[in-house]
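Thanks for coming. Please have a look at the structure on the screen, and then I will go through a few parts of it.

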Amino acid sequence: MTDPFQPASGQAAHVARVFAAADLFVTAGANLGDGMAERDELCPGDIYELDPGAAPLRLALARPQAGAPPARQQLVAPGSEVGKPGDPVILSARLMMMAPDGQKVDLVLLRHRAAGRAAQSALYVLPLTPIAPRTEYTLLAAEDPPEDLRLSDLICLSFHRGTRIALASGAQIEIENLTPGTRVLTRDHGPQPVRWIGRTTLRARGAFAPVVIARGTLGNEADLIVGPHHRLFLYRRDRLPGVAAAELLVQAQHLVDGEAVFRREGGFAEYFSLVFDRHEIIYAEGIPVESLMVNEATVAALPQELAEAVRQNLPGLTQRQHFGVEPDAAQLESLRPSALRRRRPVRVP
């Protein structure tokens, strides 16, 4: 019997956008002028910038076969701009950097080796947090990636086990008990059936440690625990300066204030993601949040049958992002709960 979660031979299991290591280079510090390098060559405190002319490359990876050694090694799939089909790619290190505004930036180093020619290899950088040119990023630390990390896991860091999702009936159900076809309440399109549920378990460290939004902080009925990059839908009657819209999509990590919203590190985190026909705003513990947005990277990681259906029904292999906008770094400080308590609370429509 064919496993619907195993792509057919030759298909990509995951697509990511990476930069050549040389595109991220040191502008101040011990390694001045050098591009990104392996962990043992890096110096915390060095300041990096992304080359303004750098263009991201499409890296397509095949899902590792059952029993393949080690879990963090994967093979290049057809359609990749990096390497040739069958070439191994190894997750080499995880980097933590800081932008000038104090925001933490997470990146993963990938080592591509030409199959059969171990001496020929190249290093690439996969940003887990968006990075921009002409911006200084200070290297804080470099460490080995989690032993069991797969690139396909990175797209599923949405809702933690136990999160209650509002159904079309108004009832709430723990996300692990949802099944494809269940009709979930959406903010803009009423009841909508779940098309696919992603699931992954990772060590709760660094970029994979969940963010806890304490009960009542945003009107949530219980603690809401989500992946750090998962976005919440916030409505501001008093719009932020420079923001033309009142509807905002804000990553959970940007709300962390160490008090009402904090990182929970240690042990393991089991994450779930929900896919609908559209990029939807749904309700988790009473808070409006986004569903998994299907784009080139996420389509490639979906089960084969669903991926084919998405390709047929969504031209360009992408969903349009919900109309909420994401505030820039200069505007985020006023959105943290500690700042909101000094002003007026966020309204949840």
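Strand β10, residues 159-160, pairs with β21 in the antiparallel sense over two bridges. This is a predicted model, where local features need pLDDT of at least 70 and side-chain atom pairs count only at pLDDT 80 or more, while totals for chains, interfaces and linings use all residues. Residues are numbered from 1 along each chain as its sequence is written, and side-chain values use heavy atoms, with hydrogens and water left out.

Strands here are DSSP runs of E, at least two residues, numbered from the N terminus; two of them pair if DSSP finds at least two bridges between them. What is the antiparallel partner of β21 over eight bridges? That is β15, residues 196-203, and there Thr 200 is the bridge partner of Tyr 271.

Strand β21 covers residues 268-275, and seven of its eight residues are buried, meaning under 20% relative accessible area with a 1.4 Å probe, protein chains only.

Next, the cores. A nonpolar core is a set of buried Ala, Val, Leu, Ile, Met, Phe, Trp, Tyr and Cys residues joined through side-chain atoms within 4.5 Å. The largest has 28 residues, of which Leu 232 and Leu 274 touch the most other members. Strands β21 and β18 (231-235) are among those that each supply at least two residues of this core. A second, separate core has 23 residues, including Leu 95 and Leu 139.

Conventions. Buried means under 20% relative accessible area, exposed over 50%, partly exposed in between (1.4 Å probe, protein chains only). Helices (H or I, at least four residues) and strands (E, at least two) are DSSP runs, numbered from the N terminus.
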